[in-house]
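Please read them with the coordinates open.

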Amino acid sequence: SGCGICTNRCPFGAISVINLPEALDNPVHRYGQNSFELFSLPTIREGAVTGILGPNGIGKSTILRILSGELIPNLGNFDEETKNWDEIIKHFKGSELQQYFKNLSNNDIKTVHKSQMVDQLPKFVKGNVNNLLSGLDEIGNFDEIINDLSLKNVLEREIKNLSGGELQRVAIAAACLRDADFYYFDEPTSWLDVSQRLNAVKVIRDLAESGKSVVVIEHDLASLDAMSDYVHVLYGEAGGYGVVSGMKGVRVGINAYINGFLKEENVRIRKNPIEFSIRPPTAEAEGETLSSYTDIEKDFKGFSLKCEGGKIYHDEIVTAFGSNGIGKTTFAKILAEKEKADIGKVDEKVEIAYKGQYLDNDFEGSVQDFLYTYAPSYGSNIFKSEILKPFSLEELLDKDLKDLSGGELQRLFVAVTLSSDADLYVFDEPTAFLDVEQRLIAGRTIRKIVESRNAAALIIDHDIVFIDYISDRAMVFYGEPGLEGHATKPTDLETAMNKFLKDLKITFRRDKETKRPRVNKFDSYLDREQKASNQYYYLK
Ligand code: ADP
Ligand code: ADP
Ligand code: MG
Ligand code: MG
């Protein structure tokens with residue numbers, strides 16, 4: 001099955017390793033008989049951020065749990081009750097990790113770990129944000145961190161009432177306030193908007209710049225790129241085993257990932273490179289109108305939204321981006337008729353399929369039952385080849401919906417939305433919890449289905465690399481989060497990005513080799529030059 005080269009089910013040839021390194025003998029950790037095995041660990045550099053890039057289920061979180069001392073590695077001897085530090089230290093003889101584990105076992109170093117599951121935070125900590133964070137302030141930089149992460153307005157709130165993005169920022173702040181030697185961040189940008197992502201990048205980089213050692217797991221390539229000095233790419237087989245590549249410079253490492261080939265390791269991780277297209281700044285081509293809407297207004301108590309009327313064309317993907325709390329979800333709901341506008345309306349009535357931002361897992365039953373209920377074409381050959389396969393749902397069919405991980409639930413909901421025969425597909429934050437490969441596969445699958453049905457898609461998202469990869473056109477939401485939101489009509493991507501980035505005061509260039517978008521360093525030569533010529537996005 002699949003591309004015929006690898007053993008994986010993925011039809012695009014993603015993830016699976018094509019030529020395996022021979023020496024996969026001594027694992028660092030193995031969870032049990034026939035369970036996941038981890039074969040190596042990253043290198044940690046003092047005064048630097050080391051990024052970790054790899055698919056879900058490949059051992060990234062396991063690595064941070066080992067490095068932080070939460071999980072003592074068993075060197076593959078999963079049935080031995082007691083782990084012997086001497087053996088572990090011997091295992092890493094000749095590598096920098098030997099001293100690391102000596103120090104860790106003697107409590108000579110202090111580690112801090114921001115875990116992936118920030119939504120679990122309310123289970124472990126009670127009270128309000130101020131009490132939690134001021135109690136952790138070991139360095140004396142409370143005011144600075146609160147300011148950098150824009151937490152001032154939530155200080156008096158109870159932890160249990162925080163949104164996902166607020167919990168994430170509180171968890172990052174909690175880590176940064178503590179005085180440790182090693183800082184580990186597991187997926188720090190989930191739930192955050194672009195400006196919050198860049199604020200997280202800043203506080204994490206500040207740690208390294210003050211001489212600390214930092215390791216970060218991240219799927220948002222623009223954020224990973226901006227925050228890391230080095231990267232390690234993880235490869236292997238999701239759920240089976242994971243191997244850590246050698247340390248690479250951040251640009252080279254991310255480009256190798258995009259090209260699908262790790263030169264030093266001689267390992268191919270994907271059949272084809274990911275291709276970014278440079279859209280020259282030409283006048284916008286008019287398409288054939290699929291749907292249009294007038295100016296739209298909506299008022300909630302304390303929040304008002306005004307959207308400029310616009311058109312959506314056949315066969316296009318329109319992306320929408322902007323801060324959290326600016327009205328994106330409200331607009332999507334109005335389009336999908338889940339919410340009524342106070343003023344304005346959608347002119348052409350078209351069939352809409354909608355995936356909401358928050359995924360509800362209270363369905364009683366298995367993934368298969370869920371598909372029977374909600375995916376009209378489940379069982380057909382087309383469904384199997386066009387949807388089940390790209391989203392790798394076959395392996396989930398027997399699982400209960402309640403037991404799915406965030407990424408598994410997301411794949412299922414995007415797949416179900418695509419399975420209905422609609423004119424306009426609306427996706428609210430479809431990349432949340434997906435790894436880089438899954439994001440791209442989702443993008444390509446949406447594209448394929450939209451084009452085969454002569455339909456269109458509107459996608460709200462915060463991942464700039466993903467947005468760049470899939471957008472035909474885009475709309476920007478701007479204003480005062482939580483107070484008032486405005487949306488532009490869909491325009492060409494350059495115009496939309498330019499407006500968006502100007503508000504954020506950041507500029508992007510393209511990588512010369514892969515053409516992927518990269519954040520310019522603030523106040524660098526390019527940053528100043530692009531700002532001066534009003535080109536916040538898109539250059540040679
Ligand atoms: P990632 O962070 O790259 O998504 P993880 O390190 O969380 O991956 O997990 C790697 C693999 O190990 C997964 O297949 C996961 O199911 C498995 N795994 C994680 N924790 C345990 C555990 N406590 N017991 C058994 N298997 C586990
Ligand atoms: P975004 O998707 O851009 O994060 P939303 O559209 O979800 O923004 O929300 C915009 C603002 O409207 C927020 O301040 C939110 O609290 C408020 N809001 C959204 N839905 C409702 C509602 N049903 N009742 C009252 N306020 C709401
Ligand atoms: Mg993980
Ligand atoms: Mg939203």
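**Notes on the ligand shells, core and backbone**

1. Start with ligand 2. Helix H11 gives the most to its shell, with three residues. The model is predicted, so read the points below as computed from that prediction.

2. Which residues are around ligand 2? They are Phe300, Lys301, Phe303, Asn324, Gly325, Ile326, Gly327, Lys328, Thr329, Thr330 and Gly482. By class, this shell divides into three nonpolar, six polar and two charged residues.

3. Helix H11 covers residues 328–335. Seven of its eight residues are buried, so the helix is largely enclosed by the rest of the structure. The buried ones are Lys328, Thr330, Phe331, Ala332, Lys333, Ile334 and Leu335. Lys328 and Thr330 also belong to the residues around ligand 2.

4. Check the backbone after H11. Glutamate 337 follows the helix, and its phi is positive, near 60°. Most residues other than glycine have a negative phi.

5. Ligand 1 has its own shell. Around it are Tyr31, Ser35, Phe36, Asn56, Gly57, Ile58, Gly59, Lys60, Ser61, Thr62 and Gly239.

6. Next, the core. The largest nonpolar core has 157 residues. Ala173, Ile204, Tyr425 and Leu458 have the most contacts inside it. Helix H7, residues 164–177, supplies the largest share of this core, with nine residues.

7. What does leucine 458 touch, leaving aside residues up to four places away in sequence? Its contacts are Ile312, Val318, Ala320, Ala332, Leu335, Leu424 and Val426. Two of these names return us to H11: Ala332 and Leu335 are among the buried residues of that helix.

8. Asparagine 266 deserves a look. Its phi is near 55°, a positive value in a residue other than glycine. The residue sits in the loop between strand S10 (261–262) and strand S11 (267–268). Is asparagine 266 buried or exposed? Asparagine 266 is exposed, because 10 other C-beta atoms lie within 10 Å and the cut-off for exposed is 12 or fewer.

9. Lysine 505 also has a positive phi, near 60°, and is a residue other than glycine. Where is lysine 505 placed? Its place is the loop between helix H17 (493–504) and strand S23 (508–510). Lysine 505 is exposed, with 12 other C-beta atoms within 10 Å. That count still meets the cut-off, since exposed means 12 or fewer.

Technical notes: Residues are numbered from 1 along each chain as its sequence is written. Chains are lettered from A and ligands numbered from 1 in the order in which they are written. This is a predicted model: local features need pLDDT of at least 70, side-chain atom pairs count only at pLDDT 80 or more; totals for chains, interfaces and linings use all residues. A residue is near a molecule or strand if its C-beta atom, placed from the backbone, lies within 6 Å of it. Helices (H or I, at least four residues) and strands (E, at least two) are DSSP runs, numbered from the N terminus. A residue is buried if 20 or more other C-beta atoms lie within 10 Å of its own, exposed if 12 or fewer, and partly exposed in between; C-beta atoms are placed from the backbone. Ala, Val, Leu, Ile, Met, Phe, Trp, Tyr, Cys and Pro count as nonpolar, Asp, Glu, Lys and Arg as charged, and the others, Gly among them, as polar. A nonpolar core is a set of buried Ala, Val, Leu, Ile, Met, Phe, Trp, Tyr and Cys residues joined through C-beta atoms within 7 Å. Two residues are in contact if their C-beta atoms, placed from the backbone, lie within 7 Å.
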